[in-house]
Amino acid sequence: MNSDTTFDSYKYLGNINSPDDLKAIPDEQIPELCDEIRDYLVKRVSENGGHLASNLGAVELSVALHKNFDAPHDHIIFDVGHQSYVHKILTGRYDKFHTLRKNGGISGFTKRSESEYDCFGAGHSSTSLSAGLGFAEADKLSGSDAYTVVVMGDGAYTGGMIHEALNNCRKGLKLIIILNENEMSISKNIGRFAKNMAKIRRRKGYFRAKRFTGKVLRKLPLVGKKLFSAVRATKKFFKNALYGSNYFEDLGLYYLGPVDGNKYGDVDALIKEAKKAGESVLIHIKTQKGKGYAPAEQNPGDYHGIRPVDACTDNSSFSAEFGSYMCELAQKDEKICAITAAMSSGTGLDEFSEKYPDRFFDVGIAEEHAVTFATGLSANGYKPVFAVYSTFLQRGYDQIIHDAALQKLPVVFAIDRAGLNAADGATHHGIFDVAFLSQIPGVDIYSPVTYEGLRASLDVSLASNRIAAIRYPSACVDNAIKEIFYKDSNCDYIGVRADCDGCADVLYVTHGRVASECLRAKEILNSRGISAKVVLCEYIRPYDRLAKEIESMIKEASPRAVVFVEEEIKAGGFGMMLAEKLRMLGTWTDIKYDIAAPDDSFVIQDKSEHIYKSAKIDAQTLADKGETLCK
């Protein structure tokens, strides 16, 4: 029997070690199991943080999937992974689920290395159907009888990759696509008569009659197949008149639904029918986000992703500060526009969207489009600011090069969740943006560590008529950093700052919140009789300008060694680029240097240790590196 010692055991949930245990539970007892799962989700996710509302809505669906399919032989692929918590609980991970989003614990997204039931990893949206098609085509080539089931929410449906994959679907595959509509309205408001028709279409007798009629018509001599095609075309004509044209059927998919996805019996019936179809099928269900938990039902947006109980309690964050200042800027300048890719809450732009709806653009999960859309606004005289998580900006890389940089069209990229993000794991680390932006001509990069610095970065960027990237963490201000680097100066300018004056044996050159590890490394070195100094860079690029400022600080400090420290990928990043510029200035004649950064790694935490230790940029490691260089 599984157990999570934090909470009381459950009658059914605590006995599920695999989908086989679930299959042994009679259908009439499934509602009680679903209640237990919802109760457990609310308790656990409220404590650990994570995605709550979407998982509460997907309980019956997840149970029905594992009752009807034989995973891992059958492949179940969740888009993004926001709806995969129940799937994880039902596939032998209930006893470990209390480690959700903790170091070395259960990932908040599907992860291949975590379980054989997670056949495809996720974290970014709209990848599920492309991957599912790959699985289904591979099974067809190998003669496997496995089903591939793709579960995607209507948010993922706004991503372009889904439509590219839909265009590639074909008959003859054991592919079942489940579209879970839980927020925006995709389907047409169809009226009472059409709703009654939908009820008929989900009854078992309707499907039996449909299959029987098709079989009889096809067997009629000479005219059978033609008559069947004519009847099918006539049926589709009248159905389109009632419902409107169905996009999925127009693409050649067998469409089932829509049904209430929070009614287990309805979902179960459509899944069983889909398995009998013998072709690619799309099941359309509608679920309620936050189902069974009143606060989440009433405000699903607030409970999409929630903070753990030990997170910042004053509601301050770089995201909130960014959104607030954007409103101030927009009030003064009617040319300023804000763009988000379905992340208005996460990037702090909800207030902007309410105050300036005409200048707020949520383009859906379409980062490529967002970048080029921004350049169009820019080319026509406006000042676009695209607020995006670092990990998602990767999806618009080509557009930054081709549409923004090549044409020298000024766009401001407000890069949220920059650096390492322990709770969300490898898929959400913002560790590549510095390196890939550093290779693009004409892009300035800022790295403020205070709210005042964030505001100053926005002011400078909007006035510069250049492409600018302002990167900041998913966190509050680190007051320890602020007190040390700003004790004798203002916070409202962007520059290079040292924690002290005078000479030092070791000089740490860094940017962002990892400066706190450098300060602790300095204390360790001091205890060993080695002096150290920390230099904090509030901007990264232009590197030529930065190198000249760092060179003057190196001359002042006269160090024996310099350590560049960053929480982004080493190759092509801050340390490597800056070190090369300093070499060209002749700085490295008598000074040793090294770069401390994640190197050829996605920084996957397989152990219960701090994220900086996993990345080998913690204070102890930095101190040892500095001491070694001094020898």
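**Stop 1: an aromatic cluster**

Select Y10, Y40, Y85, Y94 and F97. Together they form one aromatic cluster. Rings of Phe, Tyr and Trp (its six-membered ring) pair if their centres lie within 6.5 Å; planes under 30 degrees apart count as stacked, over 60 as edge-to-face and the rest as tilted. By this rule the count comes to 18 aromatic pairs.

A word on the ground rules before moving on. This is a predicted model, with residues numbered from 1 along each chain as its sequence is written. Local features need pLDDT of at least 70 and side-chain atom pairs count only at pLDDT 80 or more, while totals for chains, interfaces and linings use all residues; side-chain values use heavy atoms, leaving out hydrogens and water.

**Stop 2: two stacked pairs**

Select F248 and Y255. Their ring centres are 6.0 Å apart and their planes stand at 5 degrees, so the pair is stacked. Both F248 and Y255 are buried. Buried means under 20% relative accessible area, exposed over 50%, and partly exposed in between (1.4 Å probe, protein chains only).

Now select F318 and Y472. This aromatic pair is stacked too, at 6.1 Å centre to centre with 25 degrees between the planes. F318 lies in helix α14 (residues 318-332) and Y472 in the loop between β11 (467-471) and α21 (479-485), so the pair ties together parts that are 154 residues apart in sequence. Helices (H or I, at least four residues) and strands (E, at least two) are DSSP runs, numbered from the N terminus. F318 counts as buried because its relative accessibility is 2%. Y472 counts as buried at 1%.

**Stop 3: the parallel sheet**

Colour the strands β1 to β5. They form an open sheet of five strands in the order β1-β2-β3-β5-β4, with parallel pairing. β1 (75-78) and β4 (254-260) stand at the edges; each has a single partner strand, so one side of each is left without a neighbour in the sheet. On average, neighbouring strands here are turned by 15 degrees against each other, direction ignored. Two strands pair if DSSP finds at least two bridges between them.

Zoom in on β4 and β5. Five bridges pair them in the parallel sense. Which residue of β5 is the bridge partner of Y254? Select V281 to see that partner.

**Stop 4: T287**

Follow the chain past β5. T287 sits in the loop between β5 (281-286) and α13 (294-298). Is T287 buried or exposed? With 9% relative accessibility, T287 counts as buried. Its side chain makes a polar contact with the side chain of N180, at 2.6 Å. A polar contact is a pair of N or O atoms within 3.5 Å; within protein, one must be able to donate a hydrogen and the other to accept it, and residues adjacent in sequence count only if both atoms are side-chain atoms. Now show the surroundings. Leaving aside neighbours within four places in sequence, T287 is in contact (heavy atoms within 4.5 Å) with G57, N180, E181, N182, G261 and N262.

**Stop 5: the mixed sheet**

Next, pick out β12, β14, β13, β16 and β17. They make an open sheet of five strands in the order β12-β14-β13-β16-β17, with mixed pairing. The edge strands are β12 (496-498) and β17 (592-596), each with a single partner strand, so one side of each is left without a neighbour in the sheet. Strand β13 (residues 506-510) and strand β16 (residues 561-565) run parallel, joined by five bridges. Select L507: opposite it in β16 stands V562.

**Stop 6: helix α23 and its ends**

Start at P542, in the loop between β15 (539-541) and α23. A cis peptide bond joins R541 to P542, with omega about 20 degrees. Then select residues 543-557, which are helix α23. Among its buried residues are Y543, L546, I550 and I554. Just after α23, S558 takes a positive phi of about 50 degrees.

**Last stop: backbone details**

Select P72, in the loop between α4 (59-68) and β1. The peptide bond from A71 to P72 is cis, with omega near 10 degrees. Finish at R101, in the loop between α5 (85-93) and α6 (128-142). R101 is not a glycine, yet its phi is positive, about 65 degrees.

Note on methods:
Axes fitted to C-alpha atoms, helices over the stretch in contact; angles between N-to-C directions. Expected span 1.5 Å × (residues − 1).
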